[in-house]
Amino acid sequence: MSIARVLAVDDRRENLLALQAILEGLPIEIESVTSGEDALKRLLTGDYAVILLDAHMPGMDGFETAGHVKQRERTRHIPILFLTAVDYDPHLAFRGYQAGAVDYITKPFDPWVLRSKVAVFVDLWSMHTELALRAAEVGRLRRAVDEAVALLDGTGRDRTPDPAAARARLDAVRELP
């Protein structure tokens, strides 16, 4: 299974370095970008367990970025944790949740709390990834069994199975994990 990736988005490099230090030691790969535009570009091709998103950035702010993330079919399921240096404002928090965030955290925040939240989303991502792999495996096995049954009962593609070919296909099914 691949390692979980976290996308950290903040216009201040020192904040990105602090996030890397806080999350160090977790079984993740952190990718850092300094703008909403760059985040959206990364999300075109990358898969992420969670996005840590600064709410207030020049240009495209975090709220607008989150809106774009949640509009895309490919990325709408990725949890977003908003991080902001602005004192807690219920209206801004509501705006964050409205944009699709799963949490809205104001600075200064407890690094252990952030670390724990990220770890939970990484665990969920890992379980989801494992489940998807298992589902694909079950699908392959099901198709192989259906093909074997069709060969055995004579309803297969050629209706008159060659015993040697049928035996080879059954042996192939047995070798599947």
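Visitor: Is Glu31 buried, partly exposed or exposed?

Guide: In this predicted model, local features need pLDDT of at least 70 and side-chain atom pairs count only at pLDDT 80 or more, while totals for chains, interfaces and linings use all residues. Residues are numbered from 1 along each chain as its sequence is written, and side-chain values use heavy atoms, with hydrogens and water left out. Buried means under 20% relative accessible area, exposed over 50%, and partly exposed in between, with a 1.4 Å probe and protein chains only. Because Glu31 has a relative accessible area of 12%, this residue is buried.

Visitor: Which residues do salt bridges that share partners join into one network?

Guide: Besides its bridge to Arg5, the side chain of Glu31 meets that of Arg42 in a salt bridge of 2.9 Å, N to O. This second pair links distant parts of the chain, since Arg42 sits in helix H2 (residues 36-45), 11 residues apart from Glu31 in strand S2. Arg42 is partly exposed, with a relative accessible area of 33%. The residues joined into one network are Arg5, Glu31 and Arg42.

Visitor: Which residue forms a salt bridge with Arg74?

Guide: Arg74 is found in the loop between helix H3 (62-71) and strand S4 (80-84), and its partner, 27 residues apart, is in the loop between H2 and strand S3 (50-54). With the closest N and O atoms 3.3 Å apart, the partner is Asp47.

Visitor: How many salt bridges does the structure hold?

Guide: The pairs described above include Arg5 with Glu31 and Arg74 with Asp47. They belong to a protein chain with six helices and five strands, whose elements run β-α-β-α-β-α-β-α-β-α-α from the N terminus on. For the structure, the number of salt bridges is eight.

Terms used: Helix = DSSP H or I, 4+ residues; strand = E, 2+ residues; numbered from the N terminus. Salt bridge = Lys/Arg side-chain N within 4 Å of Asp/Glu carboxyl O.
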